[in-house]
Amino acid sequence: MTERLKEVKKRYLEIEASLARPETLSDNELYVKLMKDYKDMTPLIEKYSEYEKAEKELSDAAEMMESETDPEMKEMATAEYYELRERLQSLSEELKILLLPKDPNDDKNVVMEIRAGAGGEEAALFAGVLFRMYSMYAERKKFKLEVMSANETELGGYKEITFTVSGEGAYSRLKYESGVHRVQRVPETESQGRIQTSTATVAVLPEVEDVKIEINPADLEIESCKSSGAGGQHINKTESAVRITHKPSGIVVECQEERSQFKNKDKAMKLLKAKLYDIKQREQNDKIAGERRSQVGTGDRSERIRTYNFPQGRISDHRISLTLYTLESFVNGDLDDVIDALATADTAERLKGSEAHEN
């Protein structure tokens, strides 16, 4: 670990020196890249400086323990030595976490899809609850949310809805939401008061502006069409909606929220690229053999990840066996307690994998 830290510190100082050079300042693309690397490395370097300082103080305290003849001073040095030893151990654990490879998608914006699953109209209404929940979470985080396409039902639910969430760290927070969400509640459509179980599937894809995805125009079938859904002011009824079919993969994407056909086509192409990138990533992940990958945040959309039990006011995340009785605030966008717990579990799992790899 020490060797890796020395290498990172050396690179950090090189970047720092480079950022002060006139040729770097005049090259905007290089400057932006180096500033991003510098900013990403700063927390690790600051923590390493704390570690080096504690290491020096520990050495001084050990020396004082050996050389000091005054009993009182010796006792003070001994207490300081054991305190610093604990501090060094704690800093070492923090450094191991900071050294873990960062998910390259964490800073990206997000494309999300919510689809009603089993449960008919009640599943569509639950999809609506999830969309509202993510909208409120985005608002709390100062993220920008834009609907791309929606297939609304007469009762105000969604058969499916696709939207983007933009903002710093959007993917790092929302990536754990991929999977099957299950609801247990008395449906609005149920007169007998019986609890029904319904599901909705959430997909979270990183937006891929800077990744080269080769798409042959001959593989695309592009159609203009009228907006679908049950109506409402936000739905545009002119024929400006765009549907794109990628023939090799069979992926169909649609965007209908903009009044301009050109803008709808541009957004639909972004969504198609995100889906093709997602497939590519999954294929790469499947090739990683012999390594235990964390089940937290794998994005497996067939995996049941969470249950929302309305009669008991309970939220249960099955991946980390977490149960909270804060359902009302959770569906009103207060997701941080659960997302923080998932991020912590993910880090612990990756740390375990990193240590096993080193051994």
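This is a predicted model: local features need pLDDT of at least 70, side-chain atom pairs count only at pLDDT 80 or more; totals for chains, interfaces and linings use all residues.
## A tour from sheet to core

Strands of a sheet pair through backbone hydrogen bonds, either parallel or antiparallel. For a case in point, select strand 7, residues 241–246. Strand 7 pairs with strand 8 in the antiparallel sense, over five bridges. Pick out Val242: its bridge partner in strand 8 is Cys255.

**Zoom out**

Show the whole protein chain. How many helices and strands are there in the protein chain? The chain has nine helices and 11 strands. It runs to 359 residues, and 42% of them count as buried. Take the contacts with a separation of 6 or more: 62% of them join residues 24 or more positions apart.

**Helix 1**

Select residues 2–19. This is helix 1, with 18 residues. From its first C-alpha to its last, helix 1 reaches 26 Å, close to the 26 Å expected at 1.5 Å a residue.

Colour Leu5, Val8, Tyr12, Ile15, Ser18 and Leu19, the buried residues of helix 1. They cover an arc of only 145 degrees around the axis, which puts them on the same side of the helix. Now turn to the other side of helix 1, where Glu3, Glu7 and Lys10 are exposed. What covers the buried residues of helix 1? The cover includes helix 2 (22–25), helix 3 (28–67) and helix 4 (71–99).

**A stop on helix 4**

Select Glu75, found in helix 4. Is Glu75 buried or exposed? Glu75 has a relative accessible area of 58%, over the 50% cut-off, so this residue counts as exposed. Glu75 and Met65 are 10 residues apart along the chain, and their C-alpha atoms are separated by 7.9 Å.

**The largest core**

Next, go to the largest nonpolar core, which has 35 residues. Highlight Met112, Ile114, Leu130, Tyr134, Val165 and Tyr308, which touch the most other members. Several elements give two or more residues to this core, including strand 1 (110–116), strand 3 (158–166), strand 5 (196–206) and helix 9 (336–358). Helix 5 gives the most, with nine residues.

Stay with Tyr134 and show what surrounds it. Leave out residues up to four places away in sequence. Tyr134 then touches Met112, Ile114, Leu145, Phe163, Leu174, Glu177, His181, Val202 and Leu335.

A second, separate core has 23 residues. Select Ile15, Ile45, Ala54 and Leu99, which are among them.

**Last stop: Thr162**

Finally, select Thr162, which lies in strand 3. Is Thr162 buried or exposed? Its relative accessible area is 5%, under the 20% cut-off, so Thr162 is buried. Which residues is Thr162 in contact with, leaving aside its neighbours within four places in sequence? They are Val111, Met112, Glu113, Val147, Met148, Ser149 and Leu271.

Definitions and conventions:
Residues are numbered from 1 along each chain as its sequence is written. Side-chain values use heavy atoms; hydrogens and water are left out. A nonpolar core is a set of buried Ala, Val, Leu, Ile, Met, Phe, Trp, Tyr and Cys residues joined through side-chain atoms within 4.5 Å. Buried means under 20% relative accessible area, exposed over 50%, partly exposed in between (1.4 Å probe, protein chains only). Helices (H or I, at least four residues) and strands (E, at least two) are DSSP runs, numbered from the N terminus. Contact means heavy atoms within 4.5 Å. Two strands pair if DSSP finds at least two bridges between them. The expected span of a helix is 1.5 Å times one less than its number of residues. The arc is that of the directions from the helix axis to the C-beta atoms.
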